[in-house]
Amino acid sequence: MKTLNKLLVSAAFLPSMAMSQELTFATAGGVWLETITEACLDPYAESAGVEVEGVATEDTAAQIRAQMMTQIQWDIVEVPSAVLALGTAEGWFEPLDWDKIDPENQLPDVARQENGIGFTTYSEGIVFRTDGENDPINSWADFWNVEEFPGNRSLRDTPLGNLEYALLADGVSKEELYDVLSTEEGVDRAFAKLDEIKPNITVWWTAGQQPIQYIASGDVDYSTTWNGRVTSAVEDGIPAGFVWNEAALIVGYYAVMKGSEQADLANDLLKFCWTDPQISANVVERMPYPGFAPGLYDLLPEETAQNLSTFPANEEVQFAFDGGFWAENRPELQDRWQSWRLSN
């Protein structure tokens, strides 16, 4: 009888043991989910002897908020920097165990947030036609200089980034950018500078493919865009160049959901995937979005490396986009942007 009771207890315990070795990894879908599953999730699952389920996400802020009010369904979630800042303030995430993930402190500060690890990057900067008669454009001051660099312009229809670009064009340094933008005077200064370029904006883009389409057709000579789009455009034979100087370095993060029963395992996966340069190189082979794993650029061909946002020569001339600033200030600045856009 005692033996039977022991067997029953053991049998009852088996499902919970199995459950304790499952991770749910929520990230962008499509090609990215396929890429990260092949490069990271499947190798980790095999190495650790656990099951990792990758699920596609859309509006992570709304989905996380809903789970906080009902039931936690994810262990690890992909978040942009603004959602990481919001979630940190709202208590949505577990603090990461950096002693486990990066004990030698090899990752840069921008990748080592209290509640998030920087896993991938891209840059937003100026794209221009390389077959024009003008000298190559090289700064936001040049973008604003329509006399020396004539031609049609395009900007994204959002205050995010554009306020920063306006201040850079007005002479604010990268180091002081968000100190200035955090003041009422700084915001006024940014919109005053935007007033100068507004008559020269032929089209305000709203979808990621549009800037390259405008450049390819010749409808636009200079625009903001994402660096990966330019790499693909050049491969397709479009005469386009990207300006790394004063571009916005934008970091994506993974966070561990507050209340996850697999926090230790989640930290282990983050270490496995985002401090290993070979895994990062495998990702870059399929998509031009590098992480911060030390030694990554030792594994990449020079031609590939030079087109990536964290290549040292590119990274040092950019500014780090501050998602925390926008998490706090976007509603007010979005309203002002809408009013400004609709004004003459």
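Biologist: Hello! What is the handedness of the link of C40 and C273, and what is the angle about the S-S bond?

Modeller: The link of C40 and C273 is right-handed, with 80° about the S-S bond. This is a predicted model, where local features need pLDDT of at least 70, side-chain atom pairs count only at pLDDT 80 or more, and totals for chains, interfaces and linings use all residues. Residues are numbered from 1 along each chain as its sequence is written, and side-chain values use heavy atoms, leaving out hydrogens and water.

Biologist: How far apart are the sulfur atoms of C40 and C273?

Modeller: A disulfide is a pair of cysteine sulfur atoms within 2.5 Å. Those of C40 and C273 are 1.8 Å apart, and the whole structure holds one disulfide.

Biologist: Which helices hold C40 and C273?

Modeller: Helices are DSSP runs (H or I, at least four residues; strands are E, at least two), numbered from the N terminus. C40 sits in α2 (residues 30-48) and C273 in α12 (residues 263-274), so the pair ties together parts 233 residues apart in sequence.

Biologist: Is C40 buried or exposed?

Modeller: Buried means under 20% relative accessible area, exposed over 50%, partly exposed in between (1.4 Å probe, protein chains only). C40 is buried at 0%, and C273 is buried at 0% too.

Biologist: At what angle do the axes of α7 and α9 cross?

Modeller: Axes are lines fitted to C-alpha atoms, for helices over the stretch in contact, and angles between N-to-C directions run from 0 to 180 degrees. The axes of α7 (residues 162-169) and α9 (residues 184-197) come within 8 Å and cross at roughly 80°. That makes α7 roughly perpendicular to α9 (65 to 115 degrees; under 35 is roughly parallel, over 145 roughly antiparallel, the rest oblique).
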